[in-house]
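The entries below follow the order in which I looked.

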Amino acid sequence: MKLKLMAATAAIALSGAAAQANTLVYCSEGSPEGFDPALFTAGTTFDASSHPIYNRLLEFETGTTNVIPGLAESVEASDDGLEYTFKLRQGVKFHSNDEFTPTRDFNADDVIFSFMRQKDEGHPFNQVSGGTWEYFQGMGMPDLVESIEKVDDYTVKFKLSKPEAPFVANMAMDFASILSAEYADAMMEAGTPEKLNTAPIGTGPFSFVAYQKDAVIRYANNGDYWKAPADVDNLIFAITPDASVRYQKLKAGECHIMPYPNPADIQAMQDDADINMLEQEGLNVGYLAYNTTMEPFDNPNVRKALNMAIDKNAIIDVVFQGSGQVAKNPIPPTMWGYNDAITDDAYDPEAAKAMLEAEGVTDLSMKVWAMPVQRPYNPNARRMAELIQADFAKVGVDVEIVSYEWGEYLSRSKELNRDGAVLLGWTGDNGDPDNFLAVLLGCDGREASNRAQWCHEPFEDLILKAKQSTDQAERTKLYEEAQVVFKEQAPWATIAHSVVYMPMSNKVQGYKVHPLGGHIFYGVSVE
Amino acid sequence: MFGYFLTRLGMFIPTFLGVTLISFMFIRVLPGDPIIVMAGERGMTEERYQELVEKLGFDKPVLQQYWDYLTGVMQGDLGESFVTKKPVWDEFFALFPATMELSICAMIFAVALGLPAGVIAAVNRGKFFDRALMSSALVGYSMPIFWWALLLIIVFSGNLGWTPVSGRIDLLYYFPDVTGFMLIDSLLSGQEGAFKSAVRHLILPTIVLGTIPLAVIARQTRSAMLEVLGEDYIRTARAKGLSPSRINGLHALRNALIPVITVIGLSVGTLLAGAILTETIFSWPGIGKWMVDSIFRRDYPVVQGGLLMIAVIVMLVNLLVDVLYGVINPKIRRR
């Protein structure tokens, strides 16, 4: 046993007594697409890349959606909200590997490199590893960021084309991870620029050791980390796609933490004295979006009446098997700006029926679209649609359930003259309410991510004002008001937020469920 | 014999071209646009969509795309994965040894148990042993792999703790890939206990993947043996006073082997199909799971390349089976 441990730790090149090395094993649910976070969009990839290996200028405080300083010690916005100046942290070291040893600390060149490769099509790294930079594109950064200037080695200035408060939260997102410009140059010279993605070098709490595709990822503690070093010597991701098998591995002590348990196993896990179960609402929302441009769904009272006909508690029990929570607002309760004072429409089929009749709606037939895929915000859309069908039948509305292949579903549901109400949902990217309210309900989102095709001026004014303000208290107030307008107008039936469960061995200490959905092992120890 | 081999090899070329065409068309006729699936709920602007269509070459006519693909294949270039941005060829060879190792072990398990079981059942036709063996074979053949694997994991790994739950080797061992075959690499690493750990990790997946071929081989051996045992020359051999073991082992089994070898050859396809589920459950880093993921993501180059490589392997195995016929039965090679 001692020999085994020594061999393993020698290979991982750790400091300290080899035999005392302690290892945290995470049974991850899938393989990362790669290790350069800016190239990809999957949470599984970010768990394996941006969280352990890299840092960003700003970071999300683990366990919250608050933005805190990261590689930047401070950030200052100009009065017009068009310039953001970042003061960079000094003395931050990059990792090293067999082919690269950094000769300098982190500085402004690394920041410029990390963003310009995504923004500038003429940048030598723009096309490396098939760079499509989906998140950078998706968050509207190419148009938003006009220029990035190096003021001095430790000061960087971003100039924006328009004032946009969520920019600060964007800087803490995975695509904004900071890579080493020096490593990039070295790899370009060696003719292997793709190593940025396959043999990553970052400043994070763990350095990358090895990846055996679809099997194991190994990391070692970064002893030179600019904050207190991580509590474990080795971090291992044992890739285990099947949830039942992850549970068996957790029970057998082959891993310490696992994500995404089967809902059916949750009770047994909670009863197991060796397993500690953490839970938290996910940063997501599942909804039913009416087409507000079509009769009779252009009438808010009709939409409101239909919302009152849906028994959401039954959906939580049957579809989520308890691992969900009724949604009353379009943003999840873990997000700042959530308006808890709003009361949900009570489930009342009788009142709903009377309300429909009062609006002259009788013999209504409609389609409800059920997604063909499983998502945290909707683990079984078909079943959910069936429950809604039964609920609507009670108020005299006849429902036909339709479904398409996922790609088709996404593109057809965007059409302005789409027939029927669509089941869909959203998982937050940056913890900013704008990421839900503007993307999903703003006028610009029509025929795109705004499936309700809803454009309501009072709501739009509020979210635009909030987007342009850099005063957090003012923004909070504006978003709270926007949720009141949303509730009155009811473009969606808000159905549920998922509840995220994280089962772990009771030997694990310090793990926090992250509301943004990532799995972060800095600060976690194992006995 | 050489002429026979060349004829078989000649048939390889049209089949190969057919497979390239089918694998190319197959993924394209499925509904679902890879770019839209890639973007998910987030979606993308029309300009961005057009940009990606151009980048991935979907704006070209389909025939032109096929021709580009085919010329790439001829030069050994299977394209790059849309998802991981790595060459399909590299990904395939990183994963294939794991699938091959598991398939070989499963096949050895199936033949080593299936062949004797079939012979014993045939010799004891109608007796308890025959009935018990054949009923078990039927159960083995009908069992859903997924359920069978979880059952074995829960009993042997969960309750009894005899075998590890999943993976290829204990996570404490870490050595670089040399051959990609864990049994060989663990021996080469020289680390104490590594080989034993690799063997222990192979036990359950081998049993699960080998169960269906085992059942098929046992049943096929039994029926082929029964047919041969009724032949005149067997009666003659018995009349000559040869020992039953010599009759069954030498005269009957050798002649019964042709259909059995056919079944073994065809089982390679079954093994690769079964590997998809087995690999997913046992977190076995092989090509099965890789292919399934890529179908869901509409990762065209991986699906095309993976299907092509699997088809080539199945064709090569069948070519080998054809050659083996010739070795076993001289009449075939003279035809």
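**Entry 1: the annotated spans of chain B.** I began with the UniProt record, an unreviewed entry, which lists "transmembrane region" for residues 12–30, 92–120, 132–156, 198–218, 256–282 and 302–328 of chain B. The model I am reading is a predicted one, so I checked two of these spans against its coordinates. Residues 92–120 of chain B are 100% helix and 0% strand, with end C-alpha atoms 41 Å apart. Residues 302–328 of chain B are likewise 100% helix and 0% strand, and there the end C-alpha atoms lie 38 Å apart.

**Entry 2: confidence.** For chain B I noted a mean pLDDT of 86, with 99% of its residues at 70 or more. Chain A averages 91, and 96% of its residues score at least 70. For the complex, the predictor gives an ipTM of 0.80 and a pTM of 0.85. Where pLDDT is low, the predicted coordinates should not be read in detail.

**Entry 3: where the chains meet.** How many residues of chain A are in contact with chain B? I found 45 residues of chain A in contact with 42 residues of chain B. On the chain A side, H1 (2–12), H5 (134–138), S9, S10 (234–238), H10 (243–251), H16 (406–412) and S16 (421–427) each supply at least two residues. By class, the side of chain A that touches chain B has 21 nonpolar, 13 polar and 11 charged residues.

**Entry 4: the domains of chain A.** The domain assignment divides chain A into domain 1 (20–30 + 204–274 + 506–526), domain 2 (55–199) and domain 3 (284–500). The C-alpha centres of domain 2 and domain 3 of chain A lie 35 Å apart, and the contact between them takes 12 residues from domain 2 and 14 residues from domain 3. On the domain 2 side of this contact I noted eight nonpolar, three polar and one charged residues. The unreviewed UniProt entry also carries the annotation "domain: Solute-binding protein family" for residues 67–445 of chain A. Over those residues the chain is 29% helix and 21% strand, and the end C-alpha atoms are 26 Å apart.

**Entry 5: a sheet of mixed pairing.** I then followed an open sheet of four strands in chain A, whose order is S1-S10-S9-S8 and whose pairing is mixed. Which strands stand at its edges? They are S1 (23–26) and S8 (206–212) of chain A, each of which pairs on one side only. The twist averages 20 degrees from one strand to the next. Strands S8(A) and S9(A) (residues 216–221) run antiparallel and are joined by six bridges, and Phe208(A) stands opposite Tyr219(A) in S9(A).

**Entry 6: an antiparallel sheet.** A further open sheet of four strands in chain A has the order S4-S5-S7-S6, with antiparallel pairing. Strands S4 (72–77) and S6 (145–152) of chain A each have a single partner strand, so one side of each is left without a neighbour in the sheet. Neighbouring strands are turned by 20 degrees against each other on average, direction ignored. Six bridges link S6(A) with S7(A) (residues 155–160) in the antiparallel sense, and the bridge partner of Lys150(A) in S7(A) is Val156(A). Helix H4(A) (residues 108–119) packs on this sheet, touching S5 (83–88), S6 and S7 of chain A, and its direction makes about 165 degrees with that of S6(A).

**Entry 7: backbone details in two loops.** Most residues other than glycine have a negative phi, and most peptide bonds are trans. Against that background I noted a cis peptide bond between Glu295(A) and Pro296(A), with omega about -10 degrees. Pro296(A) lies in the loop between S12 (284–289) and H12 (300–309) of chain A. Tyr260(A) belongs to the loop between H10 and H11 (266–271) of chain A.

Methods:
Residues numbered from 1 in each chain as written. Chains lettered and ligands numbered in written order. Predicted model: local features only at pLDDT ≥ 70, side-chain atom pairs only at ≥ 80, totals over all residues. pLDDT = per-residue confidence, 0-100. Pairing = 2+ DSSP bridges. Axes fitted to C-alpha atoms, helices over the stretch in contact; angles between N-to-C directions. UniProt positions renumbered as here; feature names shortened; annotations may be inferred. Domains from an automatic or database assignment. Contact = placed C-beta atoms within 7 Å. Nonpolar A, V, L, I, M, F, W, Y, C, P; charged D, E, K, R; others polar.
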